[in-house]
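Here is a short briefing on one structure.

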Amino acid sequence: MFEIIRNIAADDLRNVFGGFDIYAKKIEKEYSVSISLRNGEIHISGDDRDVRHAKNVLEELIKLSQKGNTIEEQNVDYSISLEKENNASLINSISEANLICHTVQGKPVKPKTAGQKSYIDAIRDNMVVFGIGPAGTGKTYLAMAMAITAFRNEEVSRIILTRPAIEAGEKLGFLPGDLQSKVDPYLRPLYDALYQIMGAETFQKNMEKGLIEVAPLAYMRGRTLDNAYIILDEAQNTTPAQMKMFLTRIGFGSKVVITGDKTQKDLSTGTVSGLITAEKVLKNIDDIAFIYLTSLDVVRHPLVQRIVKAYEDFEVKGDGADNNSVRRGRFGRRKERRS
């Protein structure tokens, strides 16, 4: 079969094909087709079904480029994933999603996948949102962008960012310095996002005024947080008691986003995650939304998406036990495997 896509501007062709035709080669490899440029036209040859799929992906990427978007590898990978689900046109509806803000370098921040768009819409429409999904899906970064935008628009008077101070499977021992120096390593991912979106100087000024607070979860006890945008990161590492304590801090005029990855718990063996408990306790309460992101929503390097998908498949097969003789029960309790 042979297909031709005509009437494409030169700038759009360069955008869609990528430097050294890297994106075109990726599509060729995915669908076992041959793609070439002739007189400003895209020629696709191969088996009928493969050519149709490749043409659909290319046409959606061309539309995306014509709307002023710079095509990135993530766009190509996501278009291919959507085409496999007969949903390739969805990528252009996502491209029309509302801009959240710009970074200090002027880069626009907005959802790049259907899952991210649902996440942002839920944050806009609900007082409390749980964003649950694997690493690289933009849970914390997008929540931070929404918080900074609300702060700039004076919808809230301050931003509060918090996370449990738990080591990721390591014991770091006693850290030197004052209290802030001891907790900063745990909060570094939050600082990184703030610097990128708000700028280090603006962040420091607002932090000195007490308008932005970055603190361990333990510091939230006994407080009532009014007119604030509150983000709890790494919520899978909370206990049920900590999660309840955090949720009961919410005051008038506040908005809360809770992010977590249930596959990366660092709690001690046998400890129930507060995130998992909250799913069951709060699922039917109005103004609380649970949004689940998947490997399709990963927007880091394409290899990260493949790593996340490989782990998902591995765990679904039941091969993810700690060893050959022990498996985990429903809430992380260890159970002996019967022979």
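L161 stands opposite V214 in β8. Strand β7 (residues 158–163) pairs with β8 in the parallel sense over 5 bridges. Strands are DSSP E runs of at least two residues, and helices are H or I runs of at least four, numbered from the N terminus. Two strands pair if DSSP finds at least two bridges between them.

This is a predicted model: local features need pLDDT of at least 70, side-chain atom pairs count only at pLDDT 80 or more, and totals for chains, interfaces and linings use all residues. Residues are numbered from 1 along each chain as its sequence is written, and side-chain values use heavy atoms, without hydrogens and water.

**Sheet**
- An open sheet of 6 strands runs in the order β8-β7-β9-β10-β6-β11, with parallel pairing.
- β8 (212–216) and β11 (288–292) are the edges; each has a single partner strand, so one side of each lacks a neighbour in the sheet.

**Position I22**
- I22 lies in helix α2 (residues 22–31).
- I22 counts as partly exposed because its relative accessibility is 44%; buried means under 20%, exposed over 50%, partly exposed in between (1.4 Å probe, protein chains only).
- I22 and E73 are 51 residues apart in sequence and 8.8 Å apart in space, C-alpha to C-alpha.
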